[in-house]
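Here are some notes to read alongside the structure. Please keep the sequence and the 3D view open while going through the points.

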Amino acid sequence: MSNPDTPHQVPALDVSGLTVRYGPVTALDDVSMTIRPGRICGLIGMNGSGKSTLFKSIMGLVRPTAGRVTIAGHDTAHARSRGLLSYVPQAEDVDWQFPISVREVAMTGRYGRQNLFRRITARDNSAVDDALAQVGLTELADRQIGRLSGGQRKRAFVARGIAQGAEILLLDEPFAGVDKRSEATIIDLLTDLAAAGRTVLISTHDLSTLPSFADEAVLLMQRVLVHGTPEEALRPENLALAFGVDVTERRDHPTRTDAEVGR
Ligand SMILES: Nc1ncnc2c1ncn2[C@@H]1O[C@H](COP(=O)(O)OP(=O)(O)OP(=O)(O)O)[C@@H](O)[C@H]1O
Ligand SMILES: [Mg+2]
């Protein structure tokens, strides 16, 4: 009954044999993963494991040494020109001094790359108004992006993805430096977007909240170590592989650690 050409059969994201080298550094080594539409996939791995490089490769911002990225059946350039992809970069990768307001950040989601100089329509304005309301930034719409708190900045970028109507949202550490309330707001928004069929790939170092919102998780260390349920990815033996230490040890044996410290 299922036809392989129906849209439901096309993965939202298909990464195949992706290798990225920066000079002598291999940041990604033969990475393959497939994410189906409507899924939230957590991306976890230690600093330098290649998470941001994977996002940049999907966005076409770094050139792979080998391999291929396909977005809803399209190559990256085609997907971006159709507005299928939205990217919230890691905070360190953004120029927060750039003279652009919160509203303008959200409005950039409405410009396909070929439409940079087209006139802003009433539809654009109402999409941006709606998106800013959804992330709770209506009051701050005219403020320069750099004059927001960390959590508000992340929400401004999420508003861009919502205004764009992107099919696939890529979020690189949206919870870094964000309080629990902003984190919960972002998680609620992402859960709603996924329920409406959007696909989310999200990197995070907050392992404790991952199972509460992710449908699946990828453990990365240049290669894909595990791609499974969040519970599978977070098994102590897998975390030990990905982080090189048993990150559960302190939690499991607090008294022993305390005793050692006091010795
Ligand atoms: N522009 C660059 N030039 C050279 N090497 C780079 C560049 N960007 C990243 N790297 C290297 O590639 C590897 C992967 O970096 P990447 O930023 O993808 O890691 P990450 O998992 O996002 O880390 P973090 O958790 O610290 O954000 C690291 O060894 C890093 O030093
Ligand atoms: Mg990173």
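Predicted model: local features only at pLDDT ≥ 70, side-chain atom pairs only at ≥ 80, totals over all residues.

1. For the protein as a whole, the secondary structure amounts to 11 helices and nine strands. The chain has 263 residues, of which 37% count as buried. Of the contacts between residues at least 6 apart in sequence, 69% join residues at least 24 apart.

2. Six of the strands form an open sheet with mixed pairing, in the order 5-6-7-3-8-9. At its edges are strand 5 (85-88) and strand 9 (223-228), each of which pairs on one side only. From one strand to the next, the twist averages 15 degrees. As background, strands of a sheet pair through backbone hydrogen bonds, and the pairing can be parallel or antiparallel.

3. Take one pair in the sheet as an example. Strand 8 (residues 216-221) and strand 9 run antiparallel and are joined by five bridges. Within this pair, Leu220 stands opposite Val224 of strand 9.

4. Helix 1 (residues 51-58) lies across strand 3 (40-44), strand 5, strand 6 (168-172), strand 7 (199-203) and strand 8. The direction of helix 1 is at about 150 degrees to strand 6. Helix 9 (residues 236-243) also packs on the sheet, where it touches strand 3, strand 8 and strand 9. Helix 9 makes an angle of about 160 degrees with the direction of strand 9.

5. Is Asp179 buried or exposed? Asp179 sits in the loop between strand 6 and helix 6 (180-195). Asp179 counts as exposed because it has 12 C-beta neighbours inside 10 Å, and a residue with 12 or fewer falls in that class. Gly151 is 28 residues away from Asp179 along the chain, yet the C-alpha atoms of the two are separated by 7.0 Å.

Definitions and conventions. Residues numbered from 1 in each chain as written. Chains lettered and ligands numbered in written order. Pairing = 2+ DSSP bridges. Helix = DSSP H or I, 4+ residues; strand = E, 2+ residues; numbered from the N terminus. Axes fitted to C-alpha atoms, helices over the stretch in contact; angles between N-to-C directions. Contact = placed C-beta atoms within 7 Å. Buried ≥ 20, exposed ≤ 12 C-beta atoms within 10 Å, placed from the backbone.
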